[in-house]
Amino acid sequence: MTKQTNDTRTEQGIDEQSANGRGANGQGIDEQKANEQSANGQGANGESVTVLVTSATGKTGRRVAERLTARGATVRAGSRSGSTPFDWEAPETWGPALRGADAAYVAYYPDLAAPGGVQAMETFGRLAAEHGVRRLTVLSGRGEPEAVVAEEALRAAAAGVELTVVRAAFFAQNFSEGLLAEGAAEGVVVFPAGDTAEPFIDLDDLADVVVETLTTDGHAGRVHELTGPRPIGFAEVAAEISRASGRPVAYQAVSPSEYAGMLTGFGLPAPEAEWLAALFATLLDGHNASVTDGVKRVLGREPRSFGAFADATWAGEGA
């Protein structure tokens with residue numbers, strides 16, 4: 001088990017809320033700065049745009065960094081042990097990583113809704129503004145009131161910086177490279193989701209949206225809520241994995257308290273395990289079961305279905 005929830009979503013992926021986008025935040029930047037970034041990762045003067053990608057070894061950060069590089073941007077892959085030192089638990093690393101950057105992808109560990117998220121966003125936003133960063137895209141969680149508070153803290157602190165919020169549904173990749181991957185591989189997915197349906201978002205779609213917000217205009221002050229094309233329950237998820245892989249996979253529903261006990265058994269501290277279990281239970285109580293057109297509005301195409309993701313991930317595995 002890993003700790004991240006926004007890539008449970010954050011580096012795990014519950015990485016990216018409200019059904020509607022928001023209007024401009026009234027902060028803006030001047031027209032010249034607004035046009036300095038273009039779809040090919042180049043500034044108005046032909047120079048490469050420099051983008052800090054936080055949590056760059058995580059599921060969303062890695063994909064965003066790869067796509068930015070392909071567009072010609074200069075990527076600073078921020079991580080604890082990488083060439084650009086960046087650690088959400090070490091604020092002294094934030095300023096140096098931001099210095100000279102034109103934009104940044106903000107994927108906070110472990111989740112914007114976690115204790116300390118608001119304070120971290122306040123500090124990061126202030127540093128981004130002080131270092132002349134022009135554009136920020138923050139990954140948030142769908143249907144998390146506490147995460148919205150952290151979003152607004154970042155917006156207020158990053159005065160004069162374009163901010164885009166990407167709120168994501170539960171990640172499809174949680175079953176292939178996140179907190180549920182081991183269970184999916186062993187044939188039993190155990191989770192406190194009951195029979196609730198969730199419109200799982202494919203991380204390749206999410207990364208494409210994030211890169212679009214970082215390299216093209218028109219997203220400042222917006223909230224893009226991303227989901228897959230339809231909600232499905234965890235039992236159907238298990239059936240799709242089984243169909244694609246050719247091996248049996250089942251879903252076992254447990255209570256939040258039972259799940260917290262499992263997490264502590266894996267070595268997670270009890271307070272963190274209880275917080276995670278409570279977060280999952282809240283997110284998967286049915287209020288996030290609706291779908292949005294966020295992917296299509298940004299990219300002009302439909303999002304990938306869980307079935308298509310399963311085929312691409314597990315097809316032929318059991319042959």
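**Close-up views of a predicted protein model**

**View 1. Helices H9 and H10 are oblique to each other.** The axes of H9 (residues 256-265) and H10 (residues 270-283) come within 8 Å and cross at roughly 140°. Axes are lines fitted to C-alpha atoms over the stretch in contact, with angles from 0 to 180 degrees between N-to-C directions. The model is predicted: local features need pLDDT of at least 70, side-chain atom pairs need 80 or more, and totals for chains, interfaces and linings use all residues. Residues are numbered from 1 along each chain as its sequence is written, and side-chain values use heavy atoms, without hydrogens and water.

**View 2. H9 meets H10.** Pro256, Tyr259, Ala260, Leu263 and Thr264 come from H9. Their partners in H10 are Ala270, Ala273, Glu274, Leu276, Ala277, Phe280 and Ala281. Contact means heavy atoms within 4.5 Å. The residues of this contact divide into 10 nonpolar, one polar and one charged.

**View 3. Histidine 224 is buried.** Its relative accessibility is 1%; buried means under 20% relative accessible area, with a 1.4 Å probe and protein chains only. Histidine 224 sits in strand E9 (residues 223-226). Beyond neighbours within four places in sequence, histidine 224 touches Thr164, Val165, Val166, Arg167, Thr213, His219, Arg297 and Val298.

**View 4. The protein chain has 12 helices and 11 strands.** These are DSSP runs, with at least four residues for helices (H or I) and at least two for strands (E), numbered from the N terminus. Of its 319 residues, 55% count as buried.

Key
Buried means under 20% relative accessible area, exposed over 50%, partly exposed in between (1.4 Å probe, protein chains only). Angles under 35 degrees count as roughly parallel, over 145 as roughly antiparallel, 65 to 115 as roughly perpendicular and the rest as oblique. Ala, Val, Leu, Ile, Met, Phe, Trp, Tyr, Cys and Pro count as nonpolar, Asp, Glu, Lys and Arg as charged, and the others, Gly among them, as polar.
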